[in-house]
Amino acid sequence: MTPRLRKVALTAHVLSSVGWFGGVAAFLALAVAGLASPDAQVVRAAYLAMGLIGWFVLVPLALASLFTGVVSSLGTTWGLFRYYWVLIKLLITVLATVVLLVHMGPISGVADAAAGTTLSGANLRGLRIQVAVQAGAALLVLLVATALSIYKPRGMTRYGQRKQRRVLQLATDADQAMQKHHNPKGRIQ
């Protein structure tokens with residue numbers, strides 16, 4: 001990738017990832033409000049908003065974060081499989097996206113129930129607790145992925161080590177070939 005294209009890809013990745021994190025934080029705030037509020041109107045509004053945020057904010061941003069992360073890693077020296085932190089971040093993002101898609105069913109169920117009736121403190125309480133706990137867990141998972149991006153712990157995968165050895169060997173071979181074509185005074189023969 002050209003430096004300009006690499007910056008565009010990285011900017012798109014950072015924006016989608018930060019947006020995903022912020023969307024989950026808003027989702028968690030709504031889940032807590034929907035769980036804790038004694039006001040049936042607040043509960044209903046919270047779960048209706050959560051359904052919309054889930055499908056129209058979280059899912060698109062999760063998919064965008066995954067896609068732009070893969071594109072960014074393939075266009076840099078970090079690569080997709082060379083370093084453990086990139087590989088772990090990829091796995092976290094894939095798993096978080098899959099879990100989000102799976103849990104959109106229960107979230108939609110609560111949102112549909114809120115749209116059809118007035119939810120009270122007792123309606124679907126177990127499912128509502130589950131949604132709040134999962135939103136909190138999602139926030140922690142995204143925080144770990146963010147920390148990996150910032151701290152970039154050392155450690156190359158075996159694949160990365162093989163690639164690095166191959167690049168170093170090619171550079172050594174090229175240096176030796178150049179030395180064969182030069183005489184002691186540095187002139188090309």
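**Burial, shape and surface patches**

Guide: Of the protein's 189 residues, 30% count as buried. The model is a predicted one, in which local features need pLDDT of at least 70 and side-chain atom pairs count only at pLDDT 80 or more, while totals for chains, interfaces and linings use all residues. Residues are numbered from 1 along each chain as its sequence is written, and side-chain values use heavy atoms, with hydrogens and water left out.

Visitor: What makes L52 count as buried or exposed?

Guide: L52 has a relative accessibility of 52%, and therefore counts as exposed. L52, too, is placed in helix α2.

Visitor: What is the class of V57, and why?

Guide: V57 has a relative accessible area of 30%, so it is partly exposed. V57 sits in helix α2.

Visitor: How do you know which elements count as helices here?

Guide: Helices are DSSP runs of H or I with at least four residues, strands are runs of E with at least two, and both are numbered from the N terminus. The protein has five helices and zero strands, in the order α-α-α-α-α from the N terminus on.

Visitor: How does the radius of gyration of the protein compare with that of a compact globule?

Guide: The radius is taken over C-alpha atoms, and the globule rule is 2.2 Å times the number of residues to the power 0.38. For 189 residues a compact globule would have a value near 16 Å, but the protein has 24 Å. The C-alpha atoms fill a box of roughly 90 × 30 × 20 Å along the principal axes.

Visitor: What makes a group of residues a patch?

Guide: Each member must have over 30% relative accessible area and no salt bridge; like charges are joined within 9 Å, and nonpolar side chains (Val, Leu, Ile, Met, Phe, Trp, Tyr) within 5 Å. A salt bridge is a side-chain nitrogen of Lys or Arg within 4 Å of a carboxyl oxygen of Asp or Glu. The nonpolar patch of about 590 Å² consists of L52, W55, F56, V57, L63 and L101. Helix α2 (residues 40–74) gives the most to this patch, with five residues.

Visitor: Which residues gather in the patch of positive charge?

Guide: R158, R162, R165 and R166 form that surface patch. They are called positive because Lys and Arg count as positive and Asp and Glu as negative, with His and the chain ends not counted. R166 is in helix α5 (residues 158–180).

Terms used
Areas by Shrake-Rupley, 256 points an atom, 1.4 Å probe, with all protein chains shown as cover. Charge placed at Lys NZ, Arg CZ, Asp CG, Glu CD. Buried < 20%, exposed > 50% of the residue type's maximum accessible area, 1.4 Å probe, protein only.
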